[in-house]
Amino acid sequence: MRSTSSRPGWGALLLLAFLWLPTSQAQTDDIRLPDFGSSAGSVLSREDERAYARELMRQLRHYQLVVEDPLLVEYLDTLSFRLVEAANRPGVEFRFVMLNIPVVNAFATPGGVIAVHTGLILEAERESEVAAVIAHEIAHVTQLHIARRLEGAKLDQIPIMLGMIGAILAGANSGSSDATQAAVLGGVALMQQRQINFTRSNEFEADRVGIQTLARADFDVDSMATFFGRMNRLSRTNSAGIQAPEYLRTHPVTTTRIAEAKTRAEQTPVRTVREQPSFDYMRERIRAYASALPGEADNYYRNLQSLRELRTHERYGQALVAIRLNEGERALELLAALDGSGVNGLPIALARVEAMVRLRDAAAATKAMDKLLLGFPQHRVVVASYARMVVELGERSLASDAGSRLRTLLLRFGDDPGLWELHARNAELSGDLIRAAESHAEATFLRGRAFDALSQLEQVQKRQDLDYYQRARIQAQIARMAPLALAERERYPYGRPEG
């Protein structure tokens, strides 16, 4: 009778070993700049990285993880590209994205995509702490850590796997399953150790380069050690069977690492610290919109108000919740004493327009928006808010103007599905159904549903009333989307699972 041992067979363990593709390369603990002439850059070509970044963004949007709120998108880009400029690495491409995930984390990927979870911003006490995390992730990209990780996965795997296969064959010939399992597990352990070595050395280097970037961008260089220390304290507080913060699992923080960050900050020449006044408002915006149930967020502010007087940015957050609850009058009352002038007052001024729209006061909303458009005629957030106001109020006479402004904006931000969706809805309102269909298809494509987008365009192409330019635009869209649509259909022959 065959044994029913609970240990996995060597075939399963070998499969596990092959699946354990270490995203790492063996490194020493010395902190030094990498050799930029190495072969790391050959693992992925520049075009491969761009394609990876585009597809990753489509996947994240398909599963409805990406925050598309124009104010939050603009805020993250402004903060992040200030750091990119300070990093002074022209030629390196970056794309920043906020993910609606309520855990403290951030990560970088091939193609320069850097993702920041909303939970991290809610946990941060100052803008410099968020900047410290982003600077750290930027350093992972500029120091080629990700490219070297991919290269290491190839270089390390071959000798380890050859040794494991040799041991497996020897064990099979001798009839010793224990020897076989030991060989496989030993190989997996070696791969894991190389992952640890990679993480340790590159995390320290990313800290060092990140602190230099913080200093050049005029953020508080102490913020990196401050944030790490708070994460460590949270970990100790949560030690009683509660999961540690996600950030600590993906970015191991030790007392040594915190101490080194403090030392490097002390050695950095003191500079003026410049933090955006809008940080506190954006954090409250996330808090107001993060909950699926606006009543929960409303209770948060009411409970806070019972303990002390709300601060200015907290009143803003409470007003946003009131708007979500369709309480326009209450929102305007909360916003009445807040300064909505200038670029720093944009969040408040736009919230007032939203409240007027909830009250269906088209005259007041349009008048307030006209003033904003006069001061910020090409501002991404103002134009997007204008287009949304036009659609929600059904102002047909303004739809053509809003659509024209959006088309100018899309020349710079053509990868934003939210803008394409607004353009489609304004085109529908103005009666331009062809442009509306094109824009809906583009938004669908950018949200990770290439086959659906292609099907939409193929239906529009059948129309007999298309002029030469319309048909040419649609054919160009079809040609661009078709390869990804066909690949998507091969991957999901029974339809793609919804996010």
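The model is predicted, so to speak of local features requires pLDDT of at least 70, side-chain atom pairs count only at pLDDT 80 or more, and totals for chains, interfaces and linings use all residues. Residues are numbered from 1 along each chain as its sequence is written, and side-chain values use heavy atoms, with hydrogens and water left out.

Of its 5 residues, 4 are buried, so E1 is largely enclosed by the rest of the structure; buried means under 20% relative accessible area with a 1.4 Å probe, protein chains only. E1 runs parallel to strand E3 (residues 113-117), joined by 5 bridges, and methionine 98 stands opposite valine 116 in E3.

Helix H13 is also largely enclosed by the rest of the structure, because 10 of its 13 residues are buried. Among them are His313, Tyr316 and Leu320. Just after H13, asparagine 326 takes a positive phi of about 65 degrees.

| Covering helix | Residues |
|---|---|
| H3 | 70-87 |
| H11 | 278-290 |
| H12 | 294-307 |
| H14 | 328-335 |
| H15 | 346-358 |

Two of these helices also meet each other: Leu71, Leu72 and Tyr75 in H3 contact Ser278, Phe279, Met282, Arg285 and Ile286 in H11.

Conventions
Buried < 20%, exposed > 50% of the residue type's maximum accessible area, 1.4 Å probe, protein only. Helix = DSSP H or I, 4+ residues; strand = E, 2+ residues; numbered from the N terminus. Pairing = 2+ DSSP bridges. Contact = heavy atoms within 4.5 Å.
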